[in-house]
Amino acid sequence: MKLRIVNGHLLGLIGLIVILTGCKDASLGEVNYDDLYSHVERGKEIDASFEPYLTQANQPEALAALLGEEVLTGEWFMNNNDGQVGYTTLSGYQDKNTTQPIQLFGHGDNQPEPQTVRVTISQLEPGDEVSEGAVIFEQTLDDVEVADKLDLTTIDIPETDGVYLYRLESVRASGEVTDRVLSVFYNVLPKLDLALEVEHNTGTEATWVLHNHGQTPVTFGVDYALEKYDDGEWREVPLDLAFIEIAVQLAPGETYKNDFSVEELARGEYRLVKTIQAPDYGETFSLQAPFLIE
């Protein structure tokens, strides 16, 4: 038997050791297609052809290539230990009800040369290839001096659902761009779609199975609770168990299984209860999977 939850509401972070399931890494300049070509939605699809947002912020070369842009030069902004100025970027999920500061940071003993700095936000468009749509924010600041930490400007996260391109550029008086920072952020949450079920193996053992059918990873521990339906109420079943304190991260499209004992359970109607966290949502919630002991 199984119970399914789609975009449900959420409850604390579990565990000390993280096990990554179905997760891949990519170094700077390599295209991590599993992360790059992801799809975001809330309740309904934005567009079946919508490509990508970056879940890793450290892939400017990959993003630049997709958009036909120049990569970071390291002439002014820090890149691979070159450059003079550190910076903040906008990446990943950003709540549309927030304003985000953009800051610059001095690096090392040398005083960076003043530069004209341009900040741009534009929307990425769906299609067979990634393309840039309308510019929705642009600000140019002349003779920017960075000694230590500089609050450059603030960005109001757009109210329209979408995926956005963030550009931070140093510009000469002629208009030539001398250095560029690129990142992607979005203000729609990836789809949350989970199914928890209990499978019977033998008369003494069963397996709880968690399927991640959604687009966002979830985190949970190996602990669980059991409840029995008695006199019209669900009552917790005392468990004389000690659970290992680990956390499992379950990637989109993956399934996790764990055995548990039913040897001491009397006949009746039960449910297994699991606490799950979706980091993209910033909350935790509870799933239940009913099963029978006959």
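Val-119 stands opposite Gln-139 in strand 9. This is a predicted model, in which local features need pLDDT of at least 70, side-chain atom pairs count only at pLDDT 80 or more, and totals for chains, interfaces and linings use all residues. Residues are numbered from 1 along each chain as its sequence is written, and side-chain values use heavy atoms, without hydrogens and water.

Strand 8 covers residues 115-125. Strands are DSSP runs (E, at least two residues), numbered from the N terminus. Strand 8 runs antiparallel to strand 9 (residues 131-144), with nine bridges between them. It also runs antiparallel to strand 11 (residues 163-171), through eight bridges. Two strands pair if DSSP finds at least two bridges between them. Thr-120 has Arg-167 as its bridge partner in strand 11. Nine of the 11 residues of strand 8 are buried (under 20% relative accessible area; exposed is over 50%, partly exposed in between; 1.4 Å probe, protein chains only).

## Aromatic pairs

The whole structure holds 11 aromatic pairs. Rings of Phe, Tyr and Trp (its six-membered ring) pair if their centres lie within 6.5 Å; planes under 30 degrees apart count as stacked, over 60 as edge-to-face and the rest as tilted. The Trp-208 and Tyr-256 rings have centres 5.5 Å apart and planes at 45°, so this pair is tilted. Trp-208 lies in strand 14 and Tyr-256 in strand 19, so the pair ties together parts 48 residues apart in sequence. Trp-208 is buried, at 1% relative accessible area.

Tyr-224 and Phe-243 are edge-to-face, because their planes stand at 70°, with ring centres 5.2 Å apart. Tyr-224 is buried, whereas Phe-243 is partly exposed.

Conventions
Helix = DSSP H or I, 4+ residues; strand = E, 2+ residues; numbered from the N terminus.
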